Amino acid sequence: MRFVSTRNPAHRATLSEAIARGIAPDGGLYVPESLPRIDARSLGGASLMNTARRVLAPFFAGDRLEADLEGIAEEAFSIHAPVTAVDAQHEVLELFHGPTAAFKDFGARTLAACLERLEEGDELPLTILVATSGDTGGAVAAAFHRRPHVEVVVLYPRGRVSPRQEQQLTCWGENVRTLSVQGTFDDCQRMVKEAFAHAALSSRHRFSSANSINIGRLLPQIVYYAAASVDVQERTGQVASFIVPSGNLGNAMACIWARDLGLPIGQIVLAHNDNRTVPDYFASGNWQPRPSVATLASAMDVGNPSNMERLRAHHADIGRMRSSLATASVDDAAIRSRIRADYKAYGRIWCPHTAVAAETYERLPEERRRAERWVLVATAHPAKFSEIVEPLVGRAVPVPRALAALFELPRRVTEIDATLLSLAQALEEPPVLPCSTH
Ligand SMILES: *Cc1c(COP(=O)(O)O)cnc(C)c1O
């Protein structure tokens, strides 16, 4: 299997090259040159790990990582992703059972397992720079922590992430360095871009990126849609339709690929918060990216979704896109009322992102809710957003054990100014030892 750039199908790369580069040399994003067909029946009854081996095999075929796929799947897919019933008509795909309790754990762990193997033998470790507004940094730090040949540097805006998010970003140490930046998320992103562009710094530290445009994070997300759709079909005889809480559209792209591989998937609905760029595009046909607005579902606060380039390359025109996908937009008031209502009705507590999917489901016409088998995609555990969720449901949200373990660890963080010079200086400091709490 080869991967091509969305901007030039003549530019081809192997899986390893696409993973190591992140972005194609022409600025495009890597997509599979062609999609294989997967026989859904061959996945019946398989564990998530075995589903990963089978679904990812064609994408790894012919690559230097091919022989490592067994081990990569074993490491990255030791997490459960069960489909549980909400009521007789709809179910939920729970993607929050990983170490940082969000779906990004699957992609980050697969990418880390691949990069560790690709880097073996290199003298100078790779330095992954991540600017984060909350969730991504934690998932990437957890995935790379204690892996050889790779160091991670996380930048987050001081005072602008939730207390629990901050704990998840700062509890690592060793090969993970966390920098609390006196500035905004945009400052953090700018500093990362400046560091990449600085030739001397960049070659000295061998910078690399782990953001969601990397194909190594997207392919593994196909796996849980494959497993869930086969599970739903075996239990109910029906084809699963997914409602995907969306921001940069990486999770949605993986669901589309899963359907194109021949898995039993019906409708796919892209459920957005008040950042309406995608729903407005479907309505008007005009692509108008804009600055993001802050919402309760903050991991979806994206005004210019990076994976739209893959979606547009995949569909010949807006007409095709409209017939293949649907969109929705849910504001903060509706997120709040949906969290309250579904706790009352079903005893289920949603995180604000999952609540966007739950509200989108409730807005479907009754006959469509009855006729099709709907699966909400739960992208994070509500305990990560306790300050929003607990007042709405009037009770404490139990914290999953993996997450609680992170809350016990001491913080290891360095405070820096929002300048490239401060970042460069922090990179020169020796790695933070486990006992240090400065
Ligand atoms: C990142 C994230 C999303 C959005 O996913 P995309 O792949 O960027 O569309 C939704 N929910 C949560 C909890 C996230 O962390």
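This report describes the nonpolar cores and the ligand surroundings of the structure above.

The model is predicted, so local features need pLDDT of at least 70 and side-chain atom pairs count only at pLDDT 80 or more, while totals for chains, interfaces and linings use all residues. Residues are numbered from 1 along each chain as its sequence is written, and side-chain values use heavy atoms, without hydrogens and water.

A nonpolar core is a set of buried Ala, Val, Leu, Ile, Met, Phe, Trp, Tyr and Cys residues joined through side-chain atoms within 4.5 Å; buried means under 20% relative accessible area (1.4 Å probe, protein chains only). The largest such core has 132 residues, and Leu-93, Phe-144, Tyr-225 and Phe-242 have the most contacts inside it. Beyond its neighbours within four places in sequence, Tyr-225 is in contact (heavy atoms within 4.5 Å) with residues including Leu-93, Phe-242, Val-244 and Val-377. A second, separate core of 19 residues includes Ala-195, Leu-201, Ala-424 and Leu-427.

Around the ligand there are 15 residues, each with a heavy atom within 4 Å of the ligand. Those that come nearest are Lys-104, Gly-247, Asn-248, Leu-249 and Thr-379.

| Residue (backbone atom) | Ligand atom | Distance |
|---|---|---|
| Leu-249 | oxygen | 2.8 Å |
| Gly-250 | oxygen | 3.1 Å |
| Asn-251 | oxygen | 2.9 Å |

On its own, the ligand has 380 Å² of accessible area, of which the protein covers 96%, as computed by the Shrake-Rupley method with a 1.4 Å probe.

Key: Buried < 20%, exposed > 50% of the residue type's maximum accessible area, 1.4 Å probe, protein only. Polar contact = N/O pair within 3.5 Å; in protein donor to acceptor, adjacent residues only side chain to side chain.
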